[in-house]
Amino acid sequence: MKRRAFLKSACLASACLLPACKSSVQHAIGAVKLEANNFAASLLSCTHNGCAVTPAENGFVCSCHGARFEHLGHVIKGPAKQDLTSFDTSSDQQFVTIYLPA
Ligand code: FES
């Protein structure tokens, strides 16, 4: 997927998972449109050291130490060793619902 297509299909929810925040830094959830009414959602917090990750070509990148994750949140370049935390989603014609853990 080309960068422009990825960025076009990705939308970032501005919700912060306050219990998941390790400091006063707020982390967002990224929702990527895979196809009509099918989204993948990941916590945009790097699993290496908790820095925010941002959308980049074909996925997400961490600005702290350069870890890269593909659009489903799987690690494709370290130093992070774990995938981004992902969440189940559902959607219809109007809404995308992201299910957060209790
Ligand atoms: S905190 Fe993201 S690569 Fe280190």
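Mentor: Let us begin with Lys-81, which lies in the loop between strand 7 and strand 8. Please bear in mind that this is a predicted model.

Trainee: Is Lys-81 buried or exposed?

Mentor: Lys-81 counts as exposed, because it has 9 C-beta neighbours inside 10 Å and the cut-off for exposed is 12 or fewer.

Trainee: How far is the C-alpha atom of Lys-81 from that of His-48?

Mentor: The two C-alpha atoms are separated by 6.9 Å, although Lys-81 and His-48 are 33 residues apart along the chain.

Trainee: What else is in that loop?

Mentor: Pro-79 is also placed there, between strand 7 (75–77) and strand 8 (86–91). A cis peptide bond joins Gly-78 to Pro-79, with omega at about 20°.

Trainee: How many bridges link strand 4 and strand 5?

Mentor: There are four bridges, and the two strands pair in the antiparallel sense. Within this part, Ala-56 stands opposite Gly-59 in strand 5.

Trainee: What lies in the loop between those two strands?

Mentor: Asn-58 is found in the loop between strand 4 (53–56) and strand 5 (59–62). Asn-58 has a positive phi of about 60°, although it is not a glycine. Asn-58 is partly exposed, because 16 other C-beta atoms lie within 10 Å.

Trainee: What about Pro-55: where is it found?

Mentor: Pro-55 is in strand 4. With 18 C-beta neighbours inside 10 Å, Pro-55 counts as partly exposed. Its C-alpha atom is separated by 8.2 Å from that of Gly-30, a residue 25 places away along the chain.

Trainee: On to the other hairpin, then. How many bridges do strand 2 and strand 3 have?

Mentor: Strand 2 and strand 3 pair over six bridges, in the antiparallel sense. Val-32, for instance, stands opposite Ala-40 in strand 3.

Trainee: How many residues lie between the strands of that hairpin?

Mentor: There are two residues between strand 2 and strand 3, and Asn-37 takes a positive phi near 55° in this hairpin. Asn-37 is located in the loop between strand 2 (29–35) and strand 3 (38–43).

Trainee: Why does Asn-37 count as exposed?

Mentor: Asn-37 counts as exposed because it has 12 C-beta neighbours inside 10 Å, and exposed means 12 or fewer.

Trainee: Finally, where is confidence lowest and where is it highest?

Mentor: Confidence is lowest in strand 1 (residues 10–13), where the mean is 43, and highest in strand 7, at 97. The protein averages a pLDDT of 81, and 75% of the residues score at least 70.

Trainee: Over which residues does pLDDT stay under 50?

Mentor: That applies to residues 3–22, for which the model has 35 contacts beyond four places in sequence.

Technical notes:
Residues are numbered from 1 along each chain as its sequence is written. This is a predicted model: local features need pLDDT of at least 70, side-chain atom pairs count only at pLDDT 80 or more; totals for chains, interfaces and linings use all residues. A residue is buried if 20 or more other C-beta atoms lie within 10 Å of its own, exposed if 12 or fewer, and partly exposed in between; C-beta atoms are placed from the backbone. Two strands pair if DSSP finds at least two bridges between them. pLDDT is the predictor's confidence in each residue, from 0 to 100. Two residues are in contact if their C-beta atoms, placed from the backbone, lie within 7 Å.
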